[in-house]
Structure formats: structure tokens, C-alpha cells
Amino acid sequence: MIVVVMGVSGSGKSTVGQKLADRLGCGFSDADSFHSPANIEKMRRGEALNDADRAPWLAAIREAIVARRVAGRHHVFACSALRARYRDVLGEHDGDVVFVYLKGAPEVIGERLASRSGHFFDPALLQSQFNTLEEPRDALIIDIRESPDAIVETLLHKLAACPGGALLTSAGAARVQ
């Protein structure tokens with residue numbers, strides 16, 4: 001199973017994704033590491049990415065997803081995946097790719113971004129992300145007001161109910177104990 005933790009910047013994708021991967025005993029990848037230097041520089045300057053900027057980035061993430069599947073490995077990815085067509089590229093309609101949408105109010109996320117340091121994302125771009133966001137219908141939806149640990153506990157229960165999820169969560173639980 002591949003889990004894609006999605007949402008706007010500042011929603012907690014990386015934190016929750018890494019904690020979830022740790023609990024499941026599987027690998028974790030942050031989609032930010034798939035961005036080209038040009039994309040990173042553009043965002044650092046406060047410029048929103050367009051679909052042409054995102055196309056090679058999404059293709060690289062999809063390649064990584066396919067590689068993990070071919071190797072038979074469970075894996076957690078943190079990726080904004082804001083539009084339905086981006087999720088289509090990543091494999092939304094694959095039976096073993098599960099999307100987790102970390103949903104939060106702009107005010108809550110704005111406060112998080114304002115206190116974050118050392119990240120290339122310009123907080124001024126948050127509204128452009130909300131403008132781009134097409135909320136998923138077929139994802140596990142999680143309210144971000146809970147702590148990351150509480151979110152992971154909720155996710156473990158929800159993932160267990162997904163096709164193939166019992167194997168994923170029981171393997172992870174065995175490693176954590």
C-alpha cells in the first residue's frame with residue numbers, strides 16, 4: 001500500500017507522514033525533495049508554480065510510487081496533490097494508493113506557516129494553494145486541529161479499514177512493539 005498524505009503547505013504533511021511511516025515501519029518520502037532547483041527558487045521568490053512547473057515533479061513522484069509498488073514495499077509520501085488531475089497522475093484510482101487529506105482552516109495553517117523557519121515556501125503563497133485546492137472526495141479526511149500523534153492514531157485505524165490495510169497496519173504494529 002502507498003499512502004499519500006496531502007494538503008496545502010503548513011497542514012502537517014511531512015510531520016504526519018514521517019510519524020505514520022515510523023509507526024508502520026515503512027519508508028517515507030517528502031515530495032519537496034522531488035522539486036527541481038528552478039521550482040524551489042521560484043517558490044522562494046514568492047511565485048506560485050504553474051502546471052508546467054509541476055508536471056515533471058508529479059512524474060518523478062509517480063515514478064517513485066511505481067518503484068515502491070514494483071518492489072512490494074509499503075511507503076508513505078507527503079505531497080500537496082492539490083488538484084484532482086495531480087492525484088490522477090499519482091495514482092488516485094490505483095487500488096493500493098490511499099490519499100489522506102489533512103484539512104484545516106486558512107487561519108490555522110497561516111499561523112503555522114508564520115512560525116515555521118528554514119523552509120523555502122513563502123507563506124504569502126498560502127492563498128494561492130487554497131485557490132488551487134480541489135478537495136478530494138475519495139480520500140481519508142483528517143482535521144488538523146489534533147496533535148500529529150493523535151492524527152497518526154486516527155489514521156492507523158482508518159487505514160486498517162482500507163483494502164490491504166489490515167496487512168499494512170498489523171505489520172507496522174508488530175515492528176513498533
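The structure is a predicted model, and residue numbers count from 1 along the sequence.

The chain contains eight helices and five strands. Of the 177 residues in the chain, 45% are buried.

The interior comes next. In soluble globular proteins, nonpolar side chains tend to be buried together. In this model, the largest nonpolar core holds 46 residues, and Leu20 and Leu159 are the ones with the most contacts inside it. The element that gives the most to this core is strand β4 (residues 97–103), which supplies six residues.

Helix α1 (residues 13–24) packs against helix α7 (residues 148–160) at an angle of about 55°, and the two axes lie 9 Å apart. Because of this angle, α1 is oblique to α7. The crossing of α1 past α7 is right-handed. On the α1 side, the contact is formed by Thr15, Val16, Lys19, Leu20, Arg23 and Leu24. The α7 side brings Pro148, Asp149, Ile151, Val152, Glu153, Leu155, Leu156 and Leu159. Sorted by class, the contact between α1 and α7 includes nine nonpolar residues, four charged residues and one polar residue.

Isoleucine 151 belongs to helix α7. Its relative accessible area is 4%, below the 20% cut-off, so isoleucine 151 is buried. Leaving aside residues up to four places away in sequence, isoleucine 151 touches Val16, Leu102, Ile142, Asp143, Ile144 and Glu146. From isoleucine 151 to leucine 20 there are 131 residues in sequence, yet their C-alpha atoms are 9.0 Å apart in space.

The last stop is a loop residue, alanine 81. Alanine 81 sits in the loop between β3 (75–78) and α4 (84–90). The phi angle of alanine 81 is near 45°, a positive value in a residue that is not glycine. Is alanine 81 buried or exposed? With a relative accessibility of 1%, alanine 81 counts as buried.

Note on methods:
This is a predicted model: local features need pLDDT of at least 70, side-chain atom pairs count only at pLDDT 80 or more; totals for chains, interfaces and linings use all residues. Side-chain values use heavy atoms; hydrogens and water are left out. Axes are lines fitted to C-alpha atoms, for helices over the stretch in contact, and angles run from 0 to 180 degrees between N-to-C directions. Helices (H or I, at least four residues) and strands (E, at least two) are DSSP runs, numbered from the N terminus. Angles under 35 degrees count as roughly parallel, over 145 as roughly antiparallel, 65 to 115 as roughly perpendicular and the rest as oblique. A crossing is left-handed if the near helix is turned anticlockwise from the far one by less than a right angle, and right-handed if clockwise. Contact means heavy atoms within 4.5 Å. Ala, Val, Leu, Ile, Met, Phe, Trp, Tyr, Cys and Pro count as nonpolar, Asp, Glu, Lys and Arg as charged, and the others, Gly among them, as polar. A nonpolar core is a set of buried Ala, Val, Leu, Ile, Met, Phe, Trp, Tyr and Cys residues joined through side-chain atoms within 4.5 Å. Buried means under 20% relative accessible area, exposed over 50%, partly exposed in between (1.4 Å probe, protein chains only).
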